[in-house]
Amino acid sequence: MPNIKSAKKRVIVNNKNAQRNKSANTALKTALKKANLAIETNAADKDELVKAAIKRIDQAEAKGLIHKNNAARKKSALTKRAAK
């Protein structure tokens with residue numbers, strides 16, 4: 001544990017941000033899994049789940065959790081699979 005006051009604060013802030021990032025990443029992965037499963041099983045709500053997954057990808061990109069090219073690649077692959 002750090003001794004300097006500003007370093008102590010950085011530890012607290014870093015932990016809070018790490019929790020927020022982990023939560024957002026988990027939500028992104030869950031949305032992608034649900035969308036992929038719906039595409040594979042040709043579920044009735046496939047389009048809604050794909051749309052929700054794309055929204056999560058855009059949110060992760062906006063927060064800086066994933067790179068813009070990574071986001072574009074994920075969205076492209078998802079829509080390509082959904083169109084088949």
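The model is predicted, so local features need pLDDT of at least 70 and side-chain atom pairs count only at pLDDT 80 or more, while totals for chains, interfaces and linings use all residues. Residues are numbered from 1 along each chain as its sequence is written, and side-chain values use heavy atoms, with hydrogens and water left out. The protein has three helices and zero strands, where helices (H or I, at least four residues) and strands (E, at least two) are DSSP runs numbered from the N terminus.

**Overall form**

- From the N terminus on, the order of elements is α-α-α.
- The C-alpha atoms fill a box of roughly 60 × 20 × 15 Å along the principal axes.
- The radius of gyration is 17 Å, whereas a compact globule of 84 residues would have a value near 12 Å. This radius is taken over C-alpha atoms, and the globule rule is 2.2 Å times the number of residues to the power 0.38.
- Of the 84 residues, 21% count as buried. Buried means under 20% relative accessible area, exposed means over 50%, and partly exposed lies in between (1.4 Å probe, protein chains only).
- Among contacts with a separation of 6 or more, 52% are between residues 24 or more positions apart. A contact is a pair with heavy atoms within 4.5 Å.

**Helix α1**

- Helix α1 has 37 residues and reaches 54 Å from its first C-alpha to its last, close to the 54 Å expected at 1.5 Å a residue. The expected span is 1.5 Å times one less than the number of residues in the helix.
- The buried residues in α1 are Ala24, Ala27, Leu28, Ala31, Leu32, Ala35, Ala38 and Ile39.
- An α-helix has 3.6 residues a turn, so residues three or four places apart point the same way.
- Helices α2 and α3 are among what covers the buried residues of α1.
- Lys8 lies in α1 and is partly exposed, at 36% relative accessibility. Beyond residues up to four places away in sequence, Lys8 touches Met1, Pro2 and Asn3.

**Nonpolar core**

- The largest nonpolar core has 13 residues, of which Leu28, Leu32, Val50, Ala53, Ile57, Ile66 and Leu78 touch the most other members. Helices α1 (5-41), α2 (46-62) and α3 (68-83) each supply at least two residues of this core, and the largest share, five residues, comes from α1.
- Such a core is a set of buried Ala, Val, Leu, Ile, Met, Phe, Trp, Tyr and Cys residues joined through side-chain atoms within 4.5 Å.
- In soluble globular proteins, nonpolar side chains tend to be buried together.
- Leu78 touches Leu32, Ala35, Asn36, Ile39, Val50, Ala53 and Ile54, with residues up to four places away in sequence not counted.

**Salt bridges**

- The structure holds two salt bridges. A salt bridge is a side-chain nitrogen of Lys or Arg within 4 Å of a carboxyl oxygen of Asp or Glu.
- Glu40 and Arg81 form a salt bridge, with an N to O distance of 3.7 Å. This pair links distant parts of the chain, with Glu40 in α1 and Arg81 in α3, 41 residues apart.
- Glu40 is exposed, at 57% relative accessible area, while Arg81 is partly exposed, at 34%.
- Asp58 and Lys75 form a salt bridge, with their closest N and O atoms 2.7 Å apart. This pair also links distant parts of the chain, with Asp58 in α2 and Lys75 in α3, 17 residues apart.
- Asp58 is partly exposed, at 34% relative accessibility, and Lys75 is partly exposed, at 23%.

**A buried lysine**

- Lys46 is in helix α2.
- Lys46 is buried but has no salt bridge, and the nearest side chain of opposite charge, Asp47, is 5.1 Å away. Lys and Arg count as positive and Asp and Glu as negative, while His and the chain ends are not counted.
- With neighbours within four places in sequence left aside, Lys46 is in contact with Ala38, Ile39 and Ala82.

**The loop after α1**

- Asn42 follows α1 and is found in the loop between α1 and α2.
- Asn42 is not a glycine, yet its phi is positive, about 55 degrees.
- At 55% relative accessibility, Asn42 counts as exposed.
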